[in-house]
Amino acid sequence: MNPEQVVRDFCGAWVRRDLDELLSYFTPDAIYHNVPTEPKTGTAEIRAIFDAFLGLMELIDLEVVHSAANGNVVFTERRDHFRQAGKERFMLPVNGVFEVRDGKIAAFRDYFDLATWVRGSGMPL
C-alpha cells in the first residue's frame with residue numbers, strides 16, 4: 001500500500017473508535033508528536049494518549065482536505081472534528097506530517113493552534 005493511502009486509511013479509522021485498529025497503523029518504535037506538547041515514543045505511549053482522546057471525546061473525525069506525498073512522507077491538511085458528551089461539536093484545523101516505513105506510520109506530527117483546541121475542548125493538552 002502506498003504511504004498516502006496508509007495515512008488516509010489511518011485518518012478514516014478514527015470514527016470507528018477502535019484503539020487496537022488505530023495502533024495497528026504504527027511501527028513499534030513510532031513517534032507521535034502534537035507539536036505544542038512533548039512527543040510520545042513507541043506504541044505504549046501512543047496507546048495512552050489515543051486512549052485519553054477516545055475517553056475525552058465521543059466523536060473524533062479526521063477529515064483530510066488535501067494530502068500530498070513525496071516518497072514516504074505524507075503531508076495532510078485536515079479538519080479534525082470533535083465532540084464531547086453534552087457539548088457542541090468543534091473543528092480544529094490541523095496540518096499533519098507522516099513518515100511511513102514498510103506500510104506503517106513511523107512518525108506522525110500534528111501542527112495546530114493550541115488556543116483553538118482549548119477553546120473547543122475546554123482542556124489543555
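Biologist: Which residues form one aromatic cluster?

Modeller: This is a predicted model, and it holds 16 aromatic pairs. Among these pairs, the rings of Y32 and F108 have their centres 4.8 Å apart. The aromatic cluster is formed by F10, W14, Y25, F26, Y32, F50, F98 and F108.

Biologist: Why is the pair of Y32 and F108 called tilted?

Modeller: Planes under 30 degrees apart count as stacked and those over 60 as edge-to-face, while the rest count as tilted. The planes of Y32 and F108 stand at 40°, so the pair is tilted.

Biologist: How many residues apart in sequence are the parts that Y32 and F108 tie together?

Modeller: Y32 belongs to strand β1, whereas F108 belongs to strand β6. The pair therefore ties together parts whose separation in sequence is 76 residues.

Biologist: Is Y32 buried or exposed?

Modeller: The cut-off for a buried residue is a relative accessible area under 20%. F108, the ring partner of Y32, has a value of 2% and is buried. Y32 has a relative accessibility of 5%, so it too counts as buried.

Biologist: Which residues lie nearest the centre of the largest cavity?

Modeller: The count comes to one cavity of 30 Å³ or more, and the largest cavity holds about 180 Å³ of space. Its lining consists of 17 residues. Nearest its centre lie Y32, F53, D80, F82 and D110.

Biologist: Which element gives the most to the lining of the largest cavity?

Modeller: By class, the lining has 13 nonpolar, one polar and three charged residues. The element that gives the most, with three residues, is β4.

Biologist: What is the sense in which strands β3 and β4 pair?

Modeller: Strand β3 covers residues 59-70 and strand β4 covers residues 73-83. They form a hairpin with two residues between them, and G71 in the turn has a positive phi of about 65°. A69 stands opposite V74 in β4. Over eleven bridges, the sense of the pairing is antiparallel.

Biologist: Which residue in β5 is the bridge partner of V74?

Modeller: Strands β4 and β5 run antiparallel and are joined by ten bridges. Their hairpin has six residues between the strands, and G86 there takes a positive phi near 75°. The partner of V74 in β5 is F98.

Biologist: Which helices hold D20 and R47?

Modeller: D20 forms a salt bridge with R47, and their closest N and O atoms are 2.8 Å apart. The pair ties together parts that are 27 residues apart in sequence, because D20 lies in helix α2 and R47 in helix α3.

Biologist: How many salt bridges does the structure hold?

Modeller: One of the salt bridges joins R16 to E21, with the closest N and O atoms 2.5 Å apart. Others link R78, D80 and D110 in a network. The structure holds salt bridges to the number of eight.

Definitions and conventions:
Residues numbered from 1 in each chain as written. Predicted model: local features only at pLDDT ≥ 70, side-chain atom pairs only at ≥ 80, totals over all residues. Heavy atoms only, no water. Salt bridge = Lys/Arg side-chain N within 4 Å of Asp/Glu carboxyl O. Helix = DSSP H or I, 4+ residues; strand = E, 2+ residues; numbered from the N terminus. Pairing = 2+ DSSP bridges. 1 Å grid on protein atoms, 1.4 Å probe; cavity = no way out; pocket = protein on both sides within 12 Å on 5 of 7 lines; lining within 4 Å. Points joined across faces, edges and corners; volume = space filled by probe spheres on them. Nonpolar A, V, L, I, M, F, W, Y, C, P; charged D, E, K, R; others polar. Phe/Tyr/Trp six-rings, centres within 6.5 Å; stacked < 30°, edge-to-face > 60°. Buried < 20%, exposed > 50% of the residue type's maximum accessible area, 1.4 Å probe, protein only.
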